[in-house]
Amino acid sequence: MTAPNRHIVVVEDAVALAEAAADRLIERIEANPGRIAICMTGGSSPKRLYELLATEPYRSEIPWDRVHWFIGDDRFVSSSDPLNNMSMARTAFLDACAPLANVHPIKTDAANPDDAAALYARELQSFYGADTFDKAKPLFDLVLLGVGPDGHVASLFPSYPAIEIKDRWVVGVPEAHVKPFVPRVSLTLPALASCREMLFLMSGEDKRAILTRVLKGEDLPANRARSDGETVWLCDKAALPDDARG
């Protein structure tokens, strides 16, 4: 598989990466004078970014009443569980900064992941105002993504049926291929693609092996995920493969 066109931005370290990501988020917000939608990612990659958003000058630059915060996937665990992605984002910045009505978690107290997926799809469609995507009207202003050690994005794992789904916005994922081994709920590739910018965050030496595979064009979810608008890979130097260093 040929690697998709992507814009790669390289920064010095994890601190610079969080700052660069925050700057891009602010730019996307400033470009939209209306209602704004940000799709967050979980895992360890965005935590420093989220904590930064709660500090100045970023906190004052975000019009919190106009920004809505969604999540690309979550573990099917209690909202108070440390494994819950939205719980991490709430602790890092949302509870201190965002109106409660503007925070849109996946309802992990539903009967099962499929029911949670259906509920979240309806919430997204209500927010969007339609049940089919229009490329001229992106759902999200910005989608943040990390990449797992197997190349998964959100909770779309390699060779798993969910990666092929094109007729749903959100799916239940009964089992994970990496830790933690709990069921998940995930946006599909078409839902993630409906954005003005998709921003991948890659930081640290532990990302170097999978970034090597991605840049070689392997058929991985990370190479299938791309924005209908702009796709940017923000990497620090520690994550870069040796042959990609300038």
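This is a predicted model: local features need pLDDT of at least 70, side-chain atom pairs count only at pLDDT 80 or more; totals for chains, interfaces and linings use all residues.
Me: Which residues are closest to its centre?
Reply: Gly 43, Val 147, Gly 148, His 152 and Lys 207. They belong to a lining of 22 residues.

Me: Which strand and which helix each supply at least two residues of that lining?
Reply: Strand E4, residues 73-75, and helix H7, residues 208-215.

Me: And by class, what does the lining of the largest pocket have?
Reply: Nine polar, seven nonpolar and six charged residues.

Me: Switching to the core. In the largest nonpolar core, which residues touch the most other members?
Reply: Met 40, Trp 69, Phe 93 and Phe 140. That core holds 88 residues.

Me: Where does the largest share of this core come from?
Reply: Helix H1, residues 14-30. H1 puts in eight residues.

Me: Now the strands. Why is E5 largely enclosed by the rest of the structure?
Reply: Because six of its six residues are buried. E5 covers residues 140-145.

Me: How many bridges join E2 to E5?
Reply: Two. E2 is residues 36-40, and the two strands run parallel.

Me: Which residue of E5 does Ile 38 stand opposite?
Reply: Leu 142.

Me: What about E8? How many bridges join E5 to that strand?
Reply: Five. E8 spans residues 195-202, and this pair also runs parallel.

Me: Which residue in E8 does Val 143 stand opposite?
Reply: Met 198.

Me: Is Cys 39 buried or exposed?
Reply: Buried. Its relative accessible area is 0%, and the cut-off for buried is under 20%.

Me: And Cys 235, how far away is the nearest cysteine sulfur?
Reply: 17 Å, and again the sulfur is that of Cys 195. Cys 235 is in no disulfide.

Me: Buried or exposed, that Cys 235?
Reply: Cys 235 is buried, with a relative accessible area of 1%.

Methods
Residues are numbered from 1 along each chain as its sequence is written. Side-chain values use heavy atoms; hydrogens and water are left out. On a 1 Å grid over the protein atoms alone, a cavity is a set of points where a 1.4 Å probe fits but cannot get out, and a pocket is an open set with protein on both sides within 12 Å along at least five of seven lines; lining residues have an atom within 4 Å of a point. Helices (H or I, at least four residues) and strands (E, at least two) are DSSP runs, numbered from the N terminus. Ala, Val, Leu, Ile, Met, Phe, Trp, Tyr, Cys and Pro count as nonpolar, Asp, Glu, Lys and Arg as charged, and the others, Gly among them, as polar. A nonpolar core is a set of buried Ala, Val, Leu, Ile, Met, Phe, Trp, Tyr and Cys residues joined through side-chain atoms within 4.5 Å. Buried means under 20% relative accessible area, exposed over 50%, partly exposed in between (1.4 Å probe, protein chains only). Two strands pair if DSSP finds at least two bridges between them. A disulfide is a pair of cysteine sulfur atoms within 2.5 Å.
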